[in-house]
Amino acid sequence: MDIVVCIKRVPATDTTIKIAADGKSIEPAGVSFELNAYDEFALEQALRIKEQLGSGTVTVVTIGSKDAQKELRDTLARGADKAVLLTTDQWVFDGASTAAALAAWIKSVPCNLVLCGRQAVDSDNNQLPANLAARLGFACVTEVAKLELADGTFTAERDIEGAREVVTCKTPAVISCQKGLNEPRYANLKGIMAAKKKPLEEAAASLPAPALEIVSLTLPPARAAGKILGTGVDAVPALIAALRDEAKVL
Amino acid sequence: MRSVAIGAAPRYAAPTMARRIDTYLKDLIGDEKLAFYDAVRDFGDAEIAPHLLHWEREHQLVPDSCIQAMGELGLFGLPIAEEHGGQGGDHTDLVLMGLAIGYHSQAVAITPGAAISLGAKPLQLFGTPAQKKAHLPALARGERMFVFGLSEPGRGSDAANPQVTAVRKGSKWVVNGEKCWSTNARWASHVVVHALTNPSGANGKRSTCLIVPMDQKGVFYQEMQGKKVWEQSSTGSIMFENVEVGDDAILGTENDGFKVMVTTLNGGRLFIASLALASLAFALDKTRVYAEERIQFDDQPIGRFQRVQDVIVDMDIALERGLTWLMHCCRLYEQDKLSREQAAKVKVDCSRSASDLLTLAMEVCGGVACFDEFGLIRHFNDLFVTRVGEGSNFALKDLIVRPLRKN
Ligand SMILES: Cc1cc2nc3c(=O)[nH]c(=O)nc-3n(C[C@H](O)[C@H](O)[C@H](O)COP(=O)(O)OP(=O)(O)OC[C@H]3O[C@@H](n4cnc5c(N)ncnc54)[C@H](O)[C@@H]3O)c2cc1C
């Protein structure tokens, strides 16, 4: 099976975000970036499927600047066979144009299965998997928490409101991966050294004009200082009053 | 396996400071080495740091599951050649592992650290092709470990004249006596015993190294009790009672066993230096973050006091100096150009600066530094081992002074 894993380089979850001077983007200086955490599950699943079948390829693709080579090398070190960087200097924020560029490239390579994270933790759009599947004409299963492959059929489990749904699908498919699907591996030294010899190709991303425009970006308001209403049981009436009248949550 | 943190850290929370050591390493090593360091650091953050306090409070040695995970990561086979099932790395990789894991716990780091630098290393340097083939693949996977059997109850710094003896009896050697301070004894498959074989030989030519299986008849191991340093590391004493091995057990040459031991220690001392710097790196980050958080007098952080800043700055200087020097020594070691004095010097300096500075770092943090969960006391205790282990600093100065006294 030829598997494509779509990954994204995102600001590290513990980094401090500053808004850039234009008020519409984030200031990249001083921000540390990392591989989107959900994409780690996608990569791991791809490697496991390849190991299970004993054949096939795992190709990792991302759209971005040259800086994303670091994350791509990391995926090669963990076991991907090949990495592709679709280059652009633009900040790609919109799921539709990302999906268009990825779909255009995926159509040009052998691919029966696309794995991605359920969402990128920077923009949290949650759009790409479905949008990509529609453009490719592939089946689509999102937010998969358990995945099995037997006799060419995938059985996927998804957590839906208060229940677990089980669906099956055949290839070609786009499957997006939820936390808990697997435990991603670490790169070992041998993998890191082997990664140097694996192909990391670059091609220009064919991005259409964005379908959305970011009008403004603001940080959430700073949290107000807490208030101590008293201690012990005696403080409970004051707490209830404050929750009802000030916070209006009761 | 990697635990992935999602949403664990609030996105807009106060910045967690980047590790100071990472900024220095970036300039000292290439991308590939950095990627390896990052992977081991992430492993330490996710798989070791969260459990340490529990292991300590339960007085537990490194759990088997952790040893297995480090084995899967390839840590036990770092500088072992690929043809022998290792990772094909070099001494710098070993030292980077010490820095990455020692940042949390020297005791955990020394487990693969000693398994390689004291266990597998003499075999790599002096083993016959048959000995290498028999042991290196299992050592590389962490399934087997060799103990470095140099120290004895009666022979510490004066190690050239062991009280453990090996006497020839027909085609066999019969070993008697006791080794102690044996790191990794709990998990060891074999011990390389440094034994007296030729009492009338010249000094340094009286001993032979023998590879003895731990399950051989007459070998008894006991964990040394009451040790308050490197608490998660196994330190054993090993007794030999008429233990018989053949000539194929000899590692290196008969009556030239001391050379096997001291040559091995050269690389080991670089690893000990890495542990000292790892503790210093942790203490630096802990102290500088705390100094900005702890408010005393006038609603201001203690980090504004120059006497506090002095300690932090001195730690920073010692860290950058030590790392630069250590990486230089690793390069010389790989080119086979590192002298015994150079290895001794970097070990002496890193261990004493780090442990002296730790005392001051704890003073900067105040009473909170007494608590296990704050982390500094663990590094403070462990740093003591770096001063005496693999050659007491005082004794090593005898070695360092030699070229200074020649005409
Ligand atoms: C946790 C731990 C793990 C260890 N692991 C191992 C291991 O795996 N294998 C192994 O073989 N050994 C191991 N060792 C032993 C270690 O190498 C010895 O502790 C070290 O060589 C010092 O020997 P000693 O403790 O017997 O001190 P001694 O030799 O008794 O010396 C005591 C002190 O006397 C002074 N002194 C001694 N000689 C001189 C001199 N020439 N000049 C000036 N002062 C001197 C120093 O202050 C020295 O610290 C370990 C030790 C520790 C603490």
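Select helix H2 of chain A in this predicted model, and colour A:Glu71, A:Leu72, A:Arg73, A:Asp74, A:Thr75, A:Leu76, A:Ala77 and A:Arg78, which are the buried residues of the helix. The helix spans residues 69-78, and because 8 of its 10 residues are buried, it is largely enclosed by the rest of the structure. Step past the end of H2(A) to A:Gly79, which follows the helix and has a positive phi, near 135°.

Next, select the ligand. Which residues of chain B are the closest to the ligand? They are B:Leu150, B:Gly156, B:Ser157, B:Trp181 and B:Thr183, within a shell of 22 residues. Colour this shell by residue type: 11 of its residues are nonpolar, 9 are polar and 2 are charged.

Now display the chain B elements around the ligand. Helix H6 (106-126), strand E3 (172-183), helix H11 (376-388) and helix H12 (393-405) each contribute at least two residues to the shell. At the level of domains, domain 2 (146-258) and domain 3 (264-405) of chain B each provide at least three shell residues.

Finally, turn to the largest nonpolar core, a set of 177 residues. Select A:Val5, A:Val114, B:Leu210, B:Leu277, B:Leu280 and B:Leu326, the members with the most contacts inside the core. Helix H8 (residues 257-293) of chain B supplies the largest share of this core, 19 residues. In soluble globular proteins, nonpolar side chains tend to be buried together.

End the tour at B:Leu326. Apart from neighbours within four places in sequence, B:Leu326 is in contact with B:Val95, B:Leu270, B:Ala273, B:Ser274, B:Leu277, B:Val346 and B:Cys350.

Terms used:
Residues are numbered from 1 along each chain as its sequence is written. Chains are lettered from A and ligands numbered from 1 in the order in which they are written. This is a predicted model: local features need pLDDT of at least 70, side-chain atom pairs count only at pLDDT 80 or more; totals for chains, interfaces and linings use all residues. A residue is buried if 20 or more other C-beta atoms lie within 10 Å of its own, exposed if 12 or fewer, and partly exposed in between; C-beta atoms are placed from the backbone. Helices (H or I, at least four residues) and strands (E, at least two) are DSSP runs, numbered from the N terminus. A residue is near a molecule or strand if its C-beta atom, placed from the backbone, lies within 6 Å of it. Ala, Val, Leu, Ile, Met, Phe, Trp, Tyr, Cys and Pro count as nonpolar, Asp, Glu, Lys and Arg as charged, and the others, Gly among them, as polar. Domain bounds come from an automatic or database domain assignment. A nonpolar core is a set of buried Ala, Val, Leu, Ile, Met, Phe, Trp, Tyr and Cys residues joined through C-beta atoms within 7 Å. Two residues are in contact if their C-beta atoms, placed from the backbone, lie within 7 Å.
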